[in-house]
Amino acid sequence: QVQLVESGGGLVQPGGSLRLSCAASGSGFNINAMGWYRQAPGKQRELVAAITSGGSTMYADSVKGRFTISRDNAKNTVYLQMNSLKPEDTAVYYCNAEIQPPLGPETDYWGQGTQVTVSS
């Protein structure tokens, strides 16, 4: 059974930084793409950043130049470094991983979510 465990959210002032981590537990599978999504109150969940197993990245326009996604394949962990945070970055951030088991189709897994609040 695969579980994604997130950490690193919290309250930060505008202009500050936070680093989110998400570790996939379990064994016997490969992880394809990993990503971070966020959902603000009253809004739809949106993709923030994603990274392939080979290290190719993509970012939402709203976070380009401020956020950096990275991963450690040996630790099955993905990170999101968030700099120059703005109040509009306030949301619950969710980790996503495309898990490929030895047999069967690729399946999406989600973390439990971690709250990021940017406020003075």
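The model is predicted, so local features are given only at pLDDT of at least 70 and side-chain atom pairs only at pLDDT 80 or more, while totals for chains, interfaces and linings use all residues. Residues are numbered from 1 along each chain as its sequence is written, and side-chain values use heavy atoms, with hydrogens and water left out.

**Overall build**

The chain has zero helices and eleven strands, where helices (H or I, at least four residues) and strands (E, at least two) are DSSP runs numbered from the N terminus. Along the principal axes, the C-alpha atoms fill a box of roughly 50 × 25 × 25 Å. The radius of gyration is 14 Å, which agrees with the value near 14 Å for a compact globule of 120 residues; this radius is taken over C-alpha atoms, and the globule rule is 2.2 Å times the number of residues to the power 0.38. Of contacts (heavy atoms within 4.5 Å) between residues at least 6 apart in sequence, 54% join residues at least 24 apart. The chain exposes about 6400 Å², of which carbon and sulfur atoms supply 47%, as computed by the Shrake-Rupley method with a 1.4 Å probe, where for residues only the protein chains shown count as cover.

**Nonpolar core**

Buried residues make up 39% of the 120 residues; buried means under 20% relative accessible area, exposed over 50%, and partly exposed in between (1.4 Å probe, protein chains only). The largest nonpolar core holds 30 residues, among which Trp36, Leu80, Met82 and Tyr93 touch the most other members. Strands E3 (18-25), E4 (30-39), E5 (46-51), E7 (67-72), E8 (77-82), E9 (91-100) and E11 (114-118) each supply at least two residues of this core, and the largest share, five residues, comes from E9. Such a core is a set of buried Ala, Val, Leu, Ile, Met, Phe, Trp, Tyr and Cys residues joined through side-chain atoms within 4.5 Å.

**Aromatic pair**

The structure holds one aromatic pair. The ring centres of Tyr37 and Trp110 are 4.9 Å apart with planes at 65°, so the pair is edge-to-face. Tyr37 lies in strand E4 and Trp110 in strand E10 (residues 107-110), so the pair ties together parts that are 73 residues apart in sequence. Rings of Phe, Tyr and Trp (its six-membered ring) pair if their centres lie within 6.5 Å, and planes under 30 degrees apart count as stacked, over 60 as edge-to-face and the rest as tilted.

**Gln81 and Arg66**

Gln81 is placed in strand E8, whereas Arg66 is in the loop between strand E6 (57-59) and E7. Leaving aside neighbours within four places in sequence, Gln81 is in contact with Ser17, Leu18, Arg19, Arg66, Phe67 and Thr68, and Arg66 with Gln81, Met82, Asn83, Ser84, Leu85, Lys86 and Asp89. The polar contact of Gln81 with Asn83 joins two side chains at 2.9 Å, while the Arg66 side chain reaches the backbone oxygen of Ser62 at 2.8 Å and that of Ser84 at 3.0 Å. A polar contact is a pair of N or O atoms within 3.5 Å; within protein, one must be able to donate a hydrogen and the other to accept it, and residues adjacent in sequence count only if both atoms are side-chain atoms.

The table gives relative accessibility for the residues of the last two sections.

| Residue | Relative accessible area | Class |
|---|---|---|
| Gln81 | 27% | partly exposed |
| Arg66 | 10% | buried |
| Tyr37 | 23% | partly exposed |
| Trp110 | 36% | partly exposed |
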